[in-house]
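Hi everyone, thanks for coming. Let's have a look at one structure together.

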Amino acid sequence: MLSPYRVLDLTDHRGELGPRILADLGADVIRVEPPEGSDARRQGPRMADVPESEASLQFFAYNRGKRSIVLHLSDSSDIETFLALVATADFVFESGPPGALAPYGLGFEQLRTVQPRIVHVKVTPFGDDGPYADYAATDLVVASLGGPVSVQGDPDHPPVRVTVPQVWRHAGGESAVAALIAQARMRSTGEAQFVDVSAQCVMTWTMMNAMVAADIQGRDFERSGSDMQLGTGTYRVVYPCADGHVATLGHGSTLAPLIPWLLEDGVIDERLAALDWPAMDGARINGQEVEFSLEDLDRILERFFALHTKHELFERGLELGVTVAPVCTMKDLLGLRQLDVREYFDLLELPDGRKARAPGRFARPAQTPLVTSRPAPRLGEHSDEIRGELAREPRQPIVVAPGGQALPLSGVKVLDMTWIAVGPISTRCLADHGATVVKIESEKRADGLRFAGPFSEGVMGWNRSQFFGDFNTSKLDLTLDLKHPESKTVLRKLASWADLVVESYTPGVISRVGLDYETVHALNPACVMLSTCLMGQTGPHKQMAGYGYHAGALAGYTELTGWPDVPPAGPYQAYTDVITPRFLIPTILSALDHARRTGEGQHIDLAQLEAGLQLLAPEILDYQVSGQIPTRLGNRGSDAAPQGVYPCAGDDQWCSIAVETEPQWQALCHGIGALDWLSDKGLQSRELRTTRHDELDARIGDWTRTQGARAVMTTLQRLGVPAGMVQRSSDLLCDPQYRHRRFHQPLDHPEMGRVPYSGHQWRIHGYESGPRWHAPVLGQHSFEVLSEILELGDEAIGELVASGAVV
């Protein structure tokens, strides 16, 4: 899809995934590295007995499909070669601070002089400017300041991150989204674009409904172990079983399909089997008294799950119509039958000659398959090849006459048949940047997020949820009863109008409502259609119903979050729902670009599990190399010591601290008055400090308890020590870096009043990219869509309303 484009990749580990996504989508990605190699080559996990520059499994995972050229940018001849490459490129990616270019006097202005239509993407911890721009940052520090740490973990333990570092993988993925939106803006303006990706903002978007909760409902969401807050209720999600844990929502609708099996095992009797368990769910939501509490129901499920293995509960549960997802380890997920049948994993040869399976295609376009089987390059492997290309016939970037649109995606038309998170987050991005997005709902089947908090002033209502609000700005809302025969006519008219159809139903549903891809293609051959669900459109588990917390358990993230002495406690909400859009949006933007150039539409199958596994690729490889199965370690890790989230003055206030280097260790010792540590020979390296981590944590905690979290952060950051207060939504709403970036966008809503909407995770210089208008109230634009987009007359519209097709 992106074969006409070239990308220059100067990132380190803090951005390398973005260019790899574009490589998978067909772009020619050239890694520009110094003679010693990118710092990304020195990241763990690592292989033994191979050259230093090839030992990193993270580099191997996130640099597949790229070429490598060695250039020393302090050498005038190599700078000349680099600028010659820039003249052939469409995108330049780098990480900062300081970045790969600034030390050599290069930056956006120099790049745009050489290539006036270049898209320059820079990934940094907090943004390219602002109060935090020069803060020392680590995975834990950024996750703390971004917010997700505040809502993860058990209430009787400190807040916690995902043990496997996620920040730079999220930020790298989001940089691919930013790059393609910026390219669309370049096409409309004819000018070069500078894109500033903030990893802090990226991580805030992993908080889902907790992003602005304090403003909406008057309180923050707090960490609650493995419980999930839905609507007015709190439900347990993770349960122990015979060989580990499983994830399922602990309510009556889960128990009811299992009743035959519960009777078979003697866990319940006939009287309990005869009860209407799903009806009790509804009664609880409405505040009515019920015979069995959620605690009673939990005890029944606990006794039952303890009798069976993860595999048994998953497979037979699906047969009975309920999803009981295994909390997978790396070993478990490599054995998932669904992934084997879909041939998801690529079998690759590692630098030491062994073969290992790596996560493969994150999407399956029918006409333009992704290319994921090329290994990561050796250092400078393609230097001669690339120099030869420059000498023979330098590539010429595609030149497009400026379109003159006010917004990058103006003129793009989208039929949005998605709900909950993955689809709505993705189509919101398109809508905010100018696409006309028509969202389909009905009173009979409204988007489920309308019934999930936070609710304005704590009062539940169809149009009062900011969970729904944050994911649906700038859209038009049409209420259409998809079970009504007349709805098919309206859907087909919309498909004929649309450039893109996105749907997130269980496989088969879209055909039953009369809009499968064959129908769409017959009506509109240039239309792109993307179908996304948990497991994909094919395979033995394609009908699996569930949400992101099921996929998070299946993908291994649940096992990796929490403390080793207690059951898994996260990640927060539906974690793969915030990973998937970072792959879905680049895929549809690439498909739309392909359709714009060729007139060829296509169908795309994107499984959320397969996208979600991309952020664990190095660990999947490491398990096969070393046999080590990663698990939850609280806030500790192999790359920093001491590292933790420490208590501060005040009620449940915390600050993260992470020491990665010896200068940071020395600065910490001075900062907290622990000068005796400097002369302690047992603390002279990170490895030695790891053996005395408990001792270090206790003394650091004694110091942090005497002052507020922001004071701890400020004191240590002045000394160059990575530290970040654990921010809740109430903190984020007044965070000075977010105010500088204008991250929160207040908009007037007809029922909720003036509320803050979460902004985008990156900025394009000279362009305001916030939401265009508030999330729609149910059916707000039905008449507008029918009359102005479909050009139906008043009589035809009246008939649709009278028939009940439009509700």
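Before that, two notes. This is a predicted model, where local features need pLDDT of at least 70 and side-chain atom pairs count only at pLDDT 80 or more, while totals for chains, interfaces and linings use all residues. Residues are numbered from 1 along each chain as its sequence is written, and side-chain values use heavy atoms, with hydrogens and water left out.

So, how many disulfides does the structure hold? The count is 0, where a disulfide means a pair of cysteine sulfur atoms within 2.5 Å. Take C241: the nearest cysteine sulfur belongs to C328 and is 11 Å away. For C429, the nearest one is that of C201, 14 Å away.

Are these two buried or exposed? C241 counts as buried because its relative accessibility is 10%, and C429 is buried too, at 6%. Here buried means under 20% relative accessible area, exposed over 50%, and partly exposed in between, with a 1.4 Å probe and protein chains only.

Now the inside. The structure holds 6 cavities of 30 Å³ or more. On a 1 Å grid over the protein atoms alone, a cavity is a set of points where a 1.4 Å probe fits but cannot get out, and lining residues have an atom within 4 Å of a point. The largest cavity has about 240 Å³ of space. Its lining has 25 residues, and S226, G570, P571, Y572 and Q573 lie nearest the centre.

Notes:
1 Å grid on protein atoms, 1.4 Å probe; cavity = no way out; pocket = protein on both sides within 12 Å on 5 of 7 lines; lining within 4 Å. Points joined across faces, edges and corners; volume = space filled by probe spheres on them.
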